[in-house]
Amino acid sequence: TAAGTNGQLLIASTGGDPAFATLASSSGTIAFTPGSNALSVDVVGGGIPWVYTTASIDLVNNTGYIVDSATPSTAVLTLPLTASRGTVIRVNGMGSGGWQIATNPSASGQMINFGNVPSSSSTPLASTEIGDSVELLCVQADLTWFVLSAQGNLLVT
């Protein structure tokens with residue numbers, strides 16, 4: 001087999017001789033950086049961006065929030081109108097005013113399920129203490145969210 005170029009790997013083939021090839025990401029989510037006798041592999045866009053807020057805000061898909069509201073103000077966090085299945089939202093409270101997650105008034109039937117308990121109000125989840133946190137997952141596009149994880153003593157309505 002002839003020598004490959006920087007970053008190539010020797011790949012086997014059923015019924016054929018192995019050959020050097022360059023790796024590629026079909027979705028563009030992995031970056032390959034070839035070097036002499038080296039290949040760096042990095043995840044592109046990994047992680048979730050975090051937003052710091054002290055007031056009510058409209059939530060954005062695949063984003064985390066650090067909510068630092070002061071007593072007596074409770075930050076109302078409104079779910080996005082549209083979200084695809086697999087969308088994640090994270091919230092962490094650090095202020096004494098706490099937070100509430102509200103369904104979007106323009107999304108009829110939107111709800112948050114905590115375990116097998118579906119929400120029944122327009123503000124289905126609320127923090128009760130500093131440090132309360134929640135991670136939500138959209139399981140039905142635009143409408144149904146589930147609590148993946150929760151820290152603290154959340155109020156569920």
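## A nonpolar surface patch

Leu-9, Ile-11 and Leu-23 form a nonpolar surface patch of about 210 Å². Such a patch joins nonpolar side chains (Val, Leu, Ile, Met, Phe, Trp, Tyr) within 5 Å, from residues with over 30% relative accessible area and no salt bridge. Accessible areas come from the Shrake-Rupley method with a 1.4 Å probe, and for residues only the protein chains shown count as cover.

Leu-23 sits in the loop between β2 (16–21) and β3 (30–35). Its relative accessible area is 33%, so Leu-23 is partly exposed; buried means under 20%, exposed over 50%, and partly exposed in between.

## Basis of the model

This is a predicted model, in which local features need pLDDT of at least 70 and side-chain atom pairs count only at pLDDT 80 or more, while totals for chains, interfaces and linings use all residues. Residues are numbered from 1 along each chain as its sequence is written, and side-chain values use heavy atoms, with hydrogens and water left out.

## Overall form

The chain has zero helices and 16 strands. Helices (H or I, at least four residues) and strands (E, at least two) are DSSP runs, numbered from the N terminus. The radius of gyration, taken over C-alpha atoms, is 23 Å, well over the 15 Å that the globule rule gives for 157 residues, so the chain is more spread out than a compact globule. That rule is 2.2 Å times the number of residues to the power 0.38. The C-alpha trace spans about 70 × 30 × 25 Å along its principal axes.

Of the 157 residues, 31% count as buried. The accessible surface of the chain is about 8,900 Å², and carbon and sulfur atoms hold 54% of that.

## Strand pairing around β10

Two strands pair if DSSP finds at least two bridges between them. Strand β10 (residues 99–102) runs parallel to strand β8 (residues 75–78), joined by four bridges; here Trp-99 of β10 stands opposite Ala-75.

β10 also pairs with strand β13 (residues 125–126), in the antiparallel sense and over two bridges. The bridge partner of Ile-101 in β13 is Leu-125.

## The salt bridge

The count comes to one salt bridge, meaning a side-chain nitrogen of Lys or Arg within 4 Å of a carboxyl oxygen of Asp or Glu. The side chains involved are those of Arg-90 and Glu-135, at 2.8 Å from N to O. Arg-90 lies in strand β9 (residues 88–93) and Glu-135 in strand β14 (residues 133–140), so the pair ties together parts 45 residues apart in sequence.

Arg-90 is partly exposed at 30% relative accessible area, whereas Glu-135, at 16%, counts as buried.

Key: Buried < 20%, exposed > 50% of the residue type's maximum accessible area, 1.4 Å probe, protein only. Patch = residues over 30% accessible without salt bridge, like charges linked within 9 Å, V, L, I, M, F, W, Y side chains within 5 Å.
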